[in-house]
Amino acid sequence: MAETEKSCYEEIAEETKAAVLQYAREEWPVIKTSSGVEVSCSQLPGVPVKVYKAVGEIDCPPSETLRYVSSPGFGICVREEWDKQIKHWEILEKIDERTLVLRTCCHSAVMGIIAQREFIDVVRNETSCEESIDGGLCFTCGRGVDYPFPEDPSYVRGWNHHSAILCFPKIG
């Protein structure tokens, strides 16, 4: 891989990290609360669709929680055990110890009305949970990228805007 391509993906990962951390700090209008989960929605500049944020508490350390929601390539990942939408993952390129280009293939949904999809994203994991990162935050974030990988005719190529799962330690 050319060094300029690698730095481009690192830059995308850093921009995505900054964007999702900003979203986490913002107060958005709550549209629903159910079973201890608060769902908010906002229309963000430069994003052509509404963006949703869900917040809830889990009685588990952030680093352990991250194991259940992160992508492969960052150590032990058990997401495939519970997320039945994931058909398979393929690491297309490892950029550094925290960043990779990932192809995610998903099953069809709603009795086949939604076709099988594939997404190619730059994914960044921060698993150190050091106090220096927003008080002990662990997270995984990603964003779709154009990547030279042939399209598979059995999938519809999707595009992910900035997305993340943020795990903060409970205070108190």
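**Stop 1: a buried arginine**

Start with Arg 117, in strand S6 (residues 117-126). The model is predicted, so keep that in mind at each stop. Which side chain of opposite charge is nearest to Arg 117? Select Asp 83: it is 8.2 Å away. Arg 117 is buried yet has no salt bridge, because such a bridge needs the nitrogen and the carboxyl oxygen within 4 Å.

Now look for its polar partners. The side chain of Gln 85 makes a polar contact with the Arg 117 side chain at 3.3 Å. The backbone oxygen of His 107 lies 2.7 Å from a polar atom of the Arg 117 side chain. Residues that Arg 117 touches also include Thr 104, Cys 105, Ser 108 and Tyr 155.

**Stop 2: Arg 103 and its partners**

Select Tyr 155 and Arg 103. The charged end of Arg 103 sits over the Tyr 155 ring, 5.5 Å from the ring centre. Arg 103 and Glu 118 form a salt bridge, with their closest N and O atoms 2.7 Å apart. Glu 118 lies in strand S6 and Arg 103 in strand S5, so the pair ties together parts 15 residues apart in sequence. Both Glu 118 and Arg 103 are buried.

**Stop 3: a salt-bridge network**

Select Glu 14, Lys 17, Arg 98, Arg 124 and Glu 126: salt bridges that share partners join them into one network. The whole structure holds 11 salt bridges.

Zoom in on Arg 98 and Glu 14, which meet at 3.9 Å, N to O. Arg 98 is in the loop between strands S4 (86-96) and S5 (99-106), Glu 14 in helix H1, 84 residues apart. Arg 98 is partly exposed at 26% relative accessible area, and Glu 14 is partly exposed at 36%.

Next, take Glu 126 and Lys 17, a salt bridge of 3.4 Å, N to O. This pair links strand S6 to helix H1 across 109 residues. Glu 126 is buried at 5% relative accessibility, and Lys 17 is buried at 17%.

**Stop 4: the aromatic pairs**

How many aromatic pairs does the structure hold? There are 2. Select Tyr 9 and Tyr 147: a tilted pair, 5.9 Å centre to centre, with 45° between the planes. Tyr 9 lies in helix H1 and Tyr 147 in the loop between strands S7 and S8, so the pair ties together parts 138 residues apart in sequence. Tyr 9 and Tyr 147 are buried.

Move to Tyr 23 and Trp 28, a tilted pair at 6.0 Å and 50°. Both are buried. Finish on Lys 53: its charged end sits over the Trp 28 ring, 4.6 Å from the centre.

How values were computed. Residues are numbered from 1 along each chain as its sequence is written. This is a predicted model: local features need pLDDT of at least 70, side-chain atom pairs count only at pLDDT 80 or more; totals for chains, interfaces and linings use all residues. Side-chain values use heavy atoms; hydrogens and water are left out. Helices (H or I, at least four residues) and strands (E, at least two) are DSSP runs, numbered from the N terminus. Buried means under 20% relative accessible area, exposed over 50%, partly exposed in between (1.4 Å probe, protein chains only). Lys and Arg count as positive and Asp and Glu as negative; His and the chain ends are not counted. A polar contact is a pair of N or O atoms within 3.5 Å; within protein, one must be able to donate a hydrogen and the other to accept it, and residues adjacent in sequence count only if both atoms are side-chain atoms. Contact means heavy atoms within 4.5 Å. Rings of Phe, Tyr and Trp (its six-membered ring) pair if their centres lie within 6.5 Å; planes under 30 degrees apart count as stacked, over 60 as edge-to-face and the rest as tilted. A charge sits over a ring if NZ of Lys or CZ of Arg is within 6 Å of the ring centre and within 35 degrees of the ring normal. Lists of a residue's contacts leave out its neighbours within four places in sequence.
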